[in-house]
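Trainee: I have a model open and would like to go through it with you. Could we begin with the ligand and then turn to the helices and the backbone?

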Amino acid sequence: MFHGTVMDYSETPESLRPTDSYAAVSYSAVNTALRDSQVFSSKFYDSTIGIFMGPTILAMDGTMHRAHRNLVATAFKPQSLRRWEPEIVRPICDALIDEFAVRGSADLIREFTFEFPTRVIARLLGLPERDLPFFRKAAVAIINYANKVPRALQASEELKEYFLGHIEQRRSDPADDIIGDLATAEIDGEKLTDRAIYSFLRLLLPAGLETTYRSSGNLLYLLLTHPDQFDRIQQRHDLIPQAVEEGLRYETPLTMVQRAVTEDTELDGVAIPGGAVLDLCLGSANRDEARWERPEEFDIFRTHTPHISFTAGAHTCLGLHLARMETRVAMECLLNRLTGFTLLPEGDPHIFGQPFRSPNTLRVTFDVIA
Ligand code: HEM
């Protein structure tokens with residue numbers, strides 16, 4: 001049942017009603033709630049994913065959030081991004097393409113989109129490539145905590161031990177990577193505790209790989225199933241950034257975030273009691289007909305209107321510039337070298353999942369550009 005633009009379960013039978021659970025589905029309701037972190041608090045995450053990640057900026061509010069976020073944000077400064085593109089992201093994407101180009105066919109999810117964000121984040125953190133399988137598995141276990149709590153707790157412990165070793169190493173032998181930056185960072189003259197650092201790293205790993213692999217897989221699927229638009233991009237690579245944005249809007253990789261309602265309030269005309277949980281439906285907000293014409297169409301040529309896939313307000317995704325750059329570079333690398341992509345029906349490629357969405361296979365054939 002929807003009440004205006006906020007979901008309201010008051011007419012749902014008692015037995016089927018979630019306790020004090022509401023859902024904001026319009027762009028304006030989602031945007032308003034995201035920008036008021038006093039009434040719509042991120043503390044909610046302390047009792048969900050925070051159990052496995054530890055205390056992180058994701059679950060902090062107010063001045064504490066600002067202080068911690070400013071500190072870790074320095075690791076994503078624009079001059080770092082400019083350096084990472086040619087030194088890290090482009091070589092990683094090209095090396096992956098080298099592995100399948102000669103074959104004339106590939107599964108772009110398994111061999112490309114699943115691989116590059118993990119390798120990029122590993123390089124940014126200064127972690128050895130041989131550890132990739134370990135921390136990818138651990139990161140995925142943490143994200144899937146709702147299905148397997150014991151496995152997520154075990155993964156959380158394993159990552160703690162693993163990162164403690166790296167933090168110790170950076171303290172005795174400083175390194176120019178994100179863990180090195182965090183090991184020497186200070187708030188009000190105080191160094192970050194080991195717990196604050198390994199908790200942030202336990203957030204960064206899944207945040208950095210899970211969403212970016214999904215958004216780039218979604219974009220490739222959308223282009224492969226809209227060949228006219230794909231042809232235009234192949235002719236004009238400068239259209240890639242607007243295709244990335246439309247892909248993020250049309251197929252939002254993380255469709256929902258949540259907030260705890262701290263006091264009785266009203267959102268878009270719906271009364272919400274303090275203590276309720278509010279689902280902020282980013283995917284639905286991104287297809288709001290009040291904001292976009294033909295919202296149910298994928299159209300890379302539409303007039304640009306910012307989407308809300310990286311949220312808004314204090315918790316706006318810290319990695320958004322990195323994610324955009326990675327996806328653009330991945331597309332450029334593919335299109336610089338390969339052409340004539342055809343999507344094969346094998347494996348029934350389609351976008352699915354909640355709250356994380358993406359295809360799990362994209363088998364294609366292509367020609368190599370001479
Ligand atoms: C397309 C890719 C990405 C999407 C769609 C995405 C989406 C999001 C969303 C929706 C949030 C807000 C969660 C909330 O408010 O409850 C968030 C926060 C965050 N993201 Fe991303 N993200 C992406 C890539 C990245 C990357 C590459 C990194 C870093 C390597 C990253 C790091 C973070 C961090 C640290 C936060 C917490 C910010 C805070 O609480 O202040 N994300 N992201």
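Predicted model: local features only at pLDDT ≥ 70, side-chain atom pairs only at ≥ 80, totals over all residues.

Trainee: Which protein atom is the donor of the iron atom of the ligand?

Mentor: That is SG of Cys-317, at 2.3 Å from the iron, and it is the only protein donor.

Trainee: And where does Cys-317 lie?

Mentor: Cys-317 is in the loop that runs between α13 (282-285) and α14 (320-337).

Trainee: How many residues surround the ligand?

Mentor: There are 30 of them, and the closest are Tyr-45, His-65, Arg-259, His-315 and Cys-317. Sorted by class, the shell has 19 nonpolar, nine polar and two charged residues.

Trainee: Which elements supply at least two residues of that shell each?

Mentor: They are α3 (62-73), α10 (194-224), β8 (256-261) and α14. The largest share, seven residues, is that of α10.

Trainee: What about polar side chains and the oxygen atoms of the ligand?

Mentor: The side chain of Tyr-45 has an N or O atom 2.6 Å from a ligand oxygen. For the side chain of His-65, the distance from such an atom to an oxygen of the ligand is 2.8 Å. Arg-69 also places a polar side-chain atom 2.8 Å from a ligand oxygen.

Trainee: Changing topic: at what angle do α6 and α14 pack?

Mentor: Helix α6 (residues 116-125) meets α14 at about 130°, and their axes are 11 Å apart. The angle therefore makes α6 oblique to α14. Their crossing is right-handed.

Trainee: And how far apart are the axes of α6 and α10?

Mentor: Those axes are 8 Å apart, with a packing angle of about 150°. Because of that angle, α6 counts as roughly antiparallel to α10; angles over 145 degrees fall in that class. The crossing of α6 and α10 is right-handed.

Trainee: Now the backbone. Which residues does a cis peptide bond join?

Mentor: It joins Gln-354 and Pro-355, with omega at about -5°. Pro-355 is located in the loop between β12 (338-343) and β13 (363-368).

Trainee: What is phi of Asp-268 near?

Mentor: Phi is near 45° there, a positive value in a residue other than glycine. Asp-268 sits in the loop between β9 (265-267) and β10 (270-272).

Trainee: Why point out these two places?

Mentor: Because most residues other than glycine have a negative phi, and most peptide bonds are trans.

Methods:
Residues numbered from 1 in each chain as written. Heavy atoms only, no water. Donors = N, O, S within 2.8 Å, 3.2 Å for Na, K, Ca; no water. Helix = DSSP H or I, 4+ residues; strand = E, 2+ residues; numbered from the N terminus. Near = heavy atom within 4 Å. Polar contact = N/O pair within 3.5 Å; in protein donor to acceptor, adjacent residues only side chain to side chain. Nonpolar A, V, L, I, M, F, W, Y, C, P; charged D, E, K, R; others polar. Axes fitted to C-alpha atoms, helices over the stretch in contact; angles between N-to-C directions. Parallel < 35°, antiparallel > 145°, perpendicular 65-115°, else oblique. Left-handed = near helix turned anticlockwise from the far one by under 90°.
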